[in-house]
Amino acid sequence: MSQPPPPLTLLYVPADRPDRVRKALTSDADVVLVDLEDAVAPARKDEARANAVRLLADASPARPVQVRINHPSTPWHEADVAALAGLPLAVGARIPKVEATAEVRKLAAALPQRALHLLIESALGVEHAMDIATAAPQVASIGLGEADLRSDLRVVDETGLSWARSRVVVAARAARLPPPVMSAYPNVRDLDGLAESCRTGRALGFRGRTAIHPAQLNPIRTAFLPTTEEVRRAREVVARLNGATAAGVGALALPDGTFLDVAMLEQARTILALATPRTR
């Protein structure tokens, strides 16, 4: 049985703009991220929360949805958690600025059975990445919030984030979570820079990326989808390794001399899953 295609594009939309939320829910984004946090001014937090509750009360949203709530240190956190607890379980919780397992466990208790998507945005969070990833069975993914992380680390470009990015990729894999998605690219007009950044992230093991504008969706998707040659090669790997397994052979080589073994089968299947046509 083929795997369903994993999400590659996750679109942030501020909850204080219900018109934009409705539009996002019918967009080409694989996942819609309804934001109660950074994209919403303090004076509009209550309005944004009420909008999210009203718009997401349907048990079957038009798109997979997550709601990013405010951090426990803010005056809006408890009301955000209470509102999210009343929404259908299909709506995931996106949790910013996670640094410790205690935060995760407290939220898991307050939001039973709900998927928790955790953002690591500080040096301390990066150091605790594996503990955070395994803090509760409800943890569905981990990722980076790179704007805050850059500030915390005092780095000025993407090269300064390479170790932190790899640390989160390794922690996600070790915790048997999906590969993390990349943090949003802040310049919505620089689509070439976005594409290049996505290629860098893909090489590090990320899969997919959050967006802050619909114009970023296609460049992200294109960067993370496998090429025609990658799909052809993956099909060859699967066919040859399946044949070798059936014949009791543990290893073999492709015509170009590349040595293969059964450990490469999962990667080939992942490529084929990514190439599966996506339904909207």
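The largest cavity is lined by Leu36, Ala52, Val67, Ile69, Asp80, Ala83, Leu84 and Leu87. A cavity is a set of points, on a 1 Å grid over the protein atoms alone, where a 1.4 Å probe fits but cannot get out, and lining residues have an atom within 4 Å of a point. The structure is a predicted model, in which local features need pLDDT of at least 70 and side-chain atom pairs count only at pLDDT 80 or more, while totals for chains, interfaces and linings use all residues. Residues are numbered from 1 along each chain as its sequence is written, and side-chain values use heavy atoms, with hydrogens and water left out.

The volume of the largest cavity is about 40 Å³, a volume being the space filled by probe spheres set on grid points joined across faces, edges and corners. Helix α3 (residues 77–85) contributes the most to this lining, with three residues. Helices (H or I, at least four residues) and strands (E, at least two) are DSSP runs, numbered from the N terminus.

The largest pocket holds about 720 Å³ of space. A pocket is an open set of points with protein on both sides within 12 Å along at least five of seven lines. Its lining comprises 34 residues, of which Tyr12, Arg68, Ala184, Ile212 and His213 are the closest to the centre. Two or more lining residues come from each of β1 (9–14), α1 (18–25), α7 (146–153) and β7 (209–211).

Within α1, the residues Val21, Ala24 and Leu25 are buried, that is, under 20% relative accessible area with a 1.4 Å probe and protein chains only. The buried residues of α1 line one face of the helix, because they fall within an arc of 100 degrees when seen down its axis; the arc is that of the directions from the helix axis to the C-beta atoms. Their cover includes β1, β2 (31–35), α2 (45–55) and β3 (65–68).

The largest nonpolar core has 62 residues, and Val34, Val67, Val104, Leu118 and Ile142 touch the most other members. Such a core is a set of buried Ala, Val, Leu, Ile, Met, Phe, Trp, Tyr and Cys residues joined through side-chain atoms within 4.5 Å. Helix α8 (residues 162–174) gives the most to this core, namely five residues. Apart from this core lies another, of eight residues, including Val231, Val237, Ala268 and Ile271.

Gly201, in helix α9 (residues 191–204), is buried, at a relative accessible area of 0%. Neighbours within four places in sequence aside, Gly201 is in contact (heavy atoms within 4.5 Å) with Met182 and Phe206.

Key. Buried < 20%, exposed > 50% of the residue type's maximum accessible area, 1.4 Å probe, protein only.
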